[in-house]
Amino acid sequence: MAGYDLNEGYFIKKQLTEDDFWSGFSSMFSNKAVHDTSYKFGFFKSILDSLYNTDDNLILTFDQLFYKFTEIYWNLVLKYNLRQKAKTKNDRETALERILKDALEKEEIIRDVSFEVLSDEVKLRICHKVKMKCKENVVGALFRDSGDVLYSFSKKAEYIQLNPIAYAFMTKHKKILEKMNYFEWAKFLEKVNEDMVIRNLLNNLDTITLRNDLSYYRKILFDEFEERKCFYCGKELKEGKIHVDHFIPWSFIKDDNIWNLVLACPECNLKKSDKLTPDNYVENLIIRNEQLQEEIQAPLRGFASYKKQKLRYIYYWAKCNGYDEIWIP
Ligand SMILES: [Zn+2]
């Protein structure tokens, strides 16, 4: 049965070597596999971006995944105007493109608004529509393309469960897999958008979900938690000169979970940039997070899947993925 027709699937339980995974991923990305739309790339990116938000059983819900997925396509379709399917005679758009464009009209949103500034209710409404439509084909299709080894899934229960061996492989090689995915995705987009000049597409793909506005987190950390010193140098922070820094670089983690966000002075933030700090800062952040969880009673985004041991692992995985330049504050 074709992957997109499956209602559920179970990953094959067998010992797989790294070589098995590399060849599996290459054929998954290769042009030999037919790509009608770009959705498999988008769904794979959603999984990679959610690797650190799984629960203890490596489960990711469709709500989690299609939130990421919607955010990615919101920007690609509405901001960058990139067609996600080859032009056909009747020039029909994909269902996803129609959902997003309808949402603009129904919710009376200005076209250039980025996804991050929509209200939570509007976001959830749009994500729900995208999920209901896109879960039909893409989850099973990627499952089959990977040779049934990446995850188990159920359309009815709306989750995927990552194969632990695949999970270990993906965390170890996250950066390279991301690049392979971008590369093939960009090739696809260039092909179906041939009438457009596509500048820096690879860069755009890497930053389409980058949030510029972290003021929400600044407010929680500075006003509510009263973290009023630079996390790195300890200097008192002055109103108007407070930066929110991704402790594990955003370019690796691709998410704004508050357990990874610290306040920093502009100098430290600039110097640290995309680098890691020595590992004693990991321990400092673990202590900070314990205090944060105790003091702030409101639900904090991302803490549900947070574990201090996980933070240590992510720091280690970032090192494995080429983040080997250490900045000493
Ligand atoms: Zn500082």
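**Charge, fold and confidence in a predicted chain**

The chain carries 51 positive and 51 negative side chains, and the centres of these two sets are 3 Å apart. The model is a predicted one, and its chain has a mean pLDDT of 89, with 95% of the residues at 70 or more.

Strand E4 (residues 159-162) has the highest mean, 98, whereas helix H9 (residues 201-207) has the lowest, 74. Where pLDDT is low, the predicted coordinates should not be read in detail.

The overall fold can be considered next. In secondary structure, the chain comprises 14 helices and six strands. Along the principal axes, its C-alpha atoms occupy a box of roughly 60 × 50 × 35 Å. The radius of gyration of the chain is 20 Å, which agrees with a compact globule, because a globule of 329 residues would have a value near 20 Å.

Of the 329 residues in the chain, 53% are buried.

Gln291 belongs to helix H13, which spans residues 280-295. Gln291 counts as partly exposed because its relative accessibility is 39%, and the partly exposed class lies between under 20% for buried and over 50% for exposed. Gln291 and Glu116 are 175 residues apart along the chain, and their C-alpha atoms are separated by 27 Å.

Technical notes:
Residues numbered from 1 in each chain as written. Predicted model: local features only at pLDDT ≥ 70, side-chain atom pairs only at ≥ 80, totals over all residues. Heavy atoms only, no water. Helix = DSSP H or I, 4+ residues; strand = E, 2+ residues; numbered from the N terminus. Rg over C-alpha atoms; globule rule 2.2 N^0.38 Å. Buried < 20%, exposed > 50% of the residue type's maximum accessible area, 1.4 Å probe, protein only. Lys, Arg positive; Asp, Glu negative; His and termini not counted. Charge placed at Lys NZ, Arg CZ, Asp CG, Glu CD. pLDDT = per-residue confidence, 0-100.
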